[in-house]
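Dear colleague,

I am handing over the structure we spoke about, which you will find just below. Please look through it first, and then read on for what was found in it.

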Amino acid sequence: MVSAPAAASFTGSADPDCDLLVLGGGPGGYSAAFRAADLGLKVILVERYAQLGGVCLNVGCIPSKTLLHVAAVMDEVSRLAALGIDFGAPTVSIDKLRAHKEKVITKLTGGLAAMAKVRKVTVLRGYGAFVGANHVQVEETTGSAQEKTGKTQTIAFKKCIIAAGSQAVRLPCLPDDPRVVDSTGALALQEVPKRMLILGGGIIGLEMGTVYSALGARLDVVEMQDGLMPGADRDLVRVWQKLNAPRFDNIMLKTKTVAARATPEGIEVTFAPAEEGGTCPAPQTYDLVLQAVGRTPNGKKIAADKAGVAVTERGLIPVDIQMRTNMPHIFAIGDIVGQPMLAHKAVHEGHVAAEVIAGELQGNKELSSTAFNARVIPSVAYTDPEVAWVGLTEDQARAQGVKVNKGLFPWAASGRAIANGRDEGFTKLLFDEATHRIVGGGIVGTHAGDMIGEIALAIEMGADAVDIGKTIHPHPTLGESIGMAAEMAHGSCTDLPPGRR
Ligand SMILES: Cc1cc2nc3c(=O)[nH]c(=O)nc-3n(C[C@H](O)[C@H](O)[C@H](O)COP(=O)(O)OP(=O)(O)OC[C@H]3O[C@@H](n4cnc5c(N)ncnc54)[C@H](O)[C@@H]3O)c2cc1C
């Protein structure tokens with residue numbers, strides 16, 4: 001239980017007022033603001049940076065995928081040498097690559113600004129903090145960062161959506177040094193290190209490692225747990241790990257980082273076993289250390305207590321399934337309400353909050369009864385190969401005692417995967433033995449992330465193996481592996497020898 005603070009009462013005068021104030025212009029915030037405006041509300045969107053889009057567009061999903069695309073093409077091209085098409089060793093212009101990444105960001109964030117204008121959403125540039133239960137004070141900011149101009153204004157709102165996101169966790173044992181970066185620093189792409197340490201074997205660290213490795217860096221990774229990419233089934237991760245082993249000098253599992261110091265040669269990092277009796281390597285020196293040990297929600301940075309909004313010790317804002325905080329007129333969405341910290345979750349939560357609010361202000365019962373009731377939220381590691389999963393994993397099914405019937409289709413039997421020269425992957429589907437409905441699935445292979453949505457849809461629709469297997473998938477595609485995995489579960493697959501289940 002989080003105790004609710006008493007709201008402060010604001011007695012000053014407010015400048016503009018609005019039906020809805022959205023605090024934070026990331027994917028959660030702008031989606032909520034746009035949906036609310038489309039439903040007829042007067043909306044003010046407060047964002048401290050010059051560009052909308054939040055972490056996702058500026059320093060997250062989009063720049064990382066831009067660079068990962070380049071990395072994947074570089075790797076693909078180098079593989080062609082074995083097929084008789086040799087382009088030779090690449091020359092890398094880091095400045096041009098950085099400029100390309102910036103161009104992609106500018107195109108997308110510029111599009112958001114235009115869409116806000118068309119919808120008549122007022123975007124206020126500044127740092128917002130609550131001063132009462134119905135008021136936010138905005139300190140104007142300028143420049144490319146968050147320099148304050150000294151001007152403030154106070155906005156009165158009927159309803160508010162908090163979408164202030166999260167920030168990277170900083171390990172206290174690491175020195176303040178330009179060679180120690182978080183994902184934002186890594187995406188700034190200053191130079192390519194010879195030796196790079198990734199602290200934390202989760203998706204963000206491994207994606208950035210993939211980029212730097214393609215550009216020429218040797219990688220080490222250190223992870224407290226006993227496997228990389230926690231959350232995904234081990235059989236999926238094993239395929240990624242086998243193909244990616246050449247990128248790494250050391251994969252240090254069940255190991256923690258206990259000290260680090262800046263030296264002229266690099267950052268010298270000391271490790272210790274995470275468990276008693278374990279072993280770990282001697283201190284190592286790196287040109288670049290990437291901290292990717294998680295993100296912490298920004299709930300403690302917006303004076304939420306002044307509005308009476310409860311925030312946990314970790315900065316998380318608890319909400320109900322309508323995204324409502326303990327204060328009935330204030331909602332929260334996205335990373336600030338917790339895991340999974342993913343853009344597609346933030347967007348859906350934003351739509352829910354906007355619809356509930358519009359429904360309440362306009363007396364529309366259908367809208368006001370909207371709730372976040374998605375059964376599943378897909379996860380994707382955009383590594384090479386990609387690893388994607390949704391719904392129950394096999395590990396979770398085992399832990400929860402859910403008996404599942406598994407359909408697994410190896411890409412070694414997929415015409416398209418073989419034609420692409422990338423047949424290392426597989427697609428698996430899990431069906432509840434009792435109901436026969438699909439409850440989960442995972443894909444490892446190129447473009448897995450583009451295909452996982454079909455499995456999410458099947459789960460949402462309550463499909464069974466016959467529904468999926470009898471849906472005609474185009475041939476030859478990687479996507480048909482989903483239909484074939486369903487046929488494997490059903491026993492009707494003709495693309496593998498009979499009896500292989
Ligand atoms: C390197 C990296 C890669 C990622 N890749 C993916 C991916 O591939 N797919 C995926 O789904 N997710 C990915 N994520 C996660 C994704 O970026 C986040 O889940 C998503 O951005 C969360 O959206 P949000 O709207 O909740 O918050 P944010 O995007 O964090 O936006 C919050 C906004 O609020 C603003 N703000 C905060 N406080 C204030 C204040 N007091 N006043 C004014 N403005 C304020 C911030 O400036 C920011 O613009 C990635 C994250 C990182 C770091």
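Predicted model: local features only at pLDDT ≥ 70, side-chain atom pairs only at ≥ 80, totals over all residues.

**Overall picture**

The C-alpha trace spans about 75 × 60 × 50 Å along its principal axes. For a chain of 501 residues, a compact globule would have a radius of gyration near 23 Å, and because the protein has 24 Å, the two values agree. Buried residues account for 45% of the 501 residues. If you consider the contacts between residues at least 6 apart in sequence, 65% of them join residues at least 24 apart.

**A helix to start with**

Helix α8 runs over residues 343–362, and at 1.5 Å a residue its 20 residues should span 28 Å; the C-alpha atoms at its ends are 28 Å apart, so the expectation and the model agree. This helix is mostly covered, since 16 of the 20 residues in α8 are buried. After α8 comes Gly 363, which has a positive phi, near 65°.

The antiparallel pairing of β11 with β12 (residues 266–273) extends over eight bridges, and Ala 259 stands opposite Thr 270 in β12.

**Two cis peptide bonds**

Which kind of peptide bond joins Asp 384 and Pro 385? The bond is cis, with omega at about 0°. Pro 385 has its place in the loop between β17 (379–381) and β18 (386–391), and it counts as buried because 24 other C-beta atoms lie within 10 Å, where 20 or more are needed. Leaving aside residues up to four places away in sequence, Pro 385 touches several others, among them Val 239, Trp 240 and Leu 243, as well as Glu 424, Gly 425 and Val 444. Pro 385 and Ala 262 are 123 residues apart along the chain, and their C-alpha atoms are separated by 34 Å.

The peptide bond from His 475 to Pro 476 is also cis, with omega near -5°. Pro 476 is found in the loop between α13 (465–469) and α14 (480–490).

**Two residues with positive phi**

Leu 189 has a phi near 50°, which is a positive value in a residue other than glycine. This leucine lies in the loop between α5 (183–187) and β8 (195–199).

Ala 303 is not a glycine either, and yet its phi is positive, at about 50°. You will find Ala 303 in the loop between β15 (295–297) and β16 (330–332). It has 17 other C-beta atoms within 10 Å, and therefore Ala 303 is partly exposed.

With kind regards

Note on methods: Residues numbered from 1 in each chain as written. Helix = DSSP H or I, 4+ residues; strand = E, 2+ residues; numbered from the N terminus. Expected span 1.5 Å × (residues − 1). Buried ≥ 20, exposed ≤ 12 C-beta atoms within 10 Å, placed from the backbone. Rg over C-alpha atoms; globule rule 2.2 N^0.38 Å. Contact = placed C-beta atoms within 7 Å. Pairing = 2+ DSSP bridges.
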